[in-house]
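Hi,

Here is the structure I promised to pass on.

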Amino acid sequence: MAIILRLDRVMADRKISLNELAERVGISNVNLSNLKTGKVRAIRFSTLNAICRELNCQPGDILEYAPDESP
């Protein structure tokens, strides 16, 4: 996939735990863990908005585009 989630890096920079962020954002630990590890295929804008609000960051700090290699 061409979109890479960098949530783990931003969380480490902000020194916030998975449990704390999940509670602040209002999503389950499992769903946030899946986001953190990149095991999701989609993210709701409302969730992205809440994460950015709590981490005081921009969506581009969490999402990164890496082009797929051509065969």
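Start with Arg6 and Glu64: their side chains form a salt bridge, with N to O at 3.0 Å. This pair ties together distant parts of the chain, 58 residues apart. Arg6 sits in the loop between strand 1 and helix 1, and Glu64 in strand 2 (residues 63–65). Arg6 is partly exposed, at 26% relative accessible area. Glu64 is partly exposed too, at 30%. Keep in mind that this is a predicted model.

The count of salt bridges comes to four. Another one joins Arg24 and Glu20, at 2.6 Å from N to O. Both residues lie in helix 2, four residues apart, or about one turn of the helix. Arg24 is partly exposed at 41% relative accessibility, and Glu20 is partly exposed at 34%.

Arg53 also bridges to Glu54, with the closest N and O atoms 3.3 Å apart. Glu54 is partly exposed, at 25%. Glu20, Arg24, Arg53 and Glu54 are linked in a salt-bridge network.

Now helix 1, residues 7–14. Which of its residues are buried? Leu7, Val10 and Met11 are. They span an arc of only 100° around the axis, so they fall on the same side of helix 1. Ala12 and Asp13, on the other side, are exposed. The buried residues pack against strand 1 and helices 2, 3, 4 and 5. Lys15 follows helix 1 and has a positive phi, near 55°.

Best wishes

Note on methods:
Residues numbered from 1 in each chain as written. Predicted model: local features only at pLDDT ≥ 70, side-chain atom pairs only at ≥ 80, totals over all residues. Heavy atoms only, no water. Buried < 20%, exposed > 50% of the residue type's maximum accessible area, 1.4 Å probe, protein only. Helix = DSSP H or I, 4+ residues; strand = E, 2+ residues; numbered from the N terminus. Arc of directions from axis to C-beta. Contact = heavy atoms within 4.5 Å.
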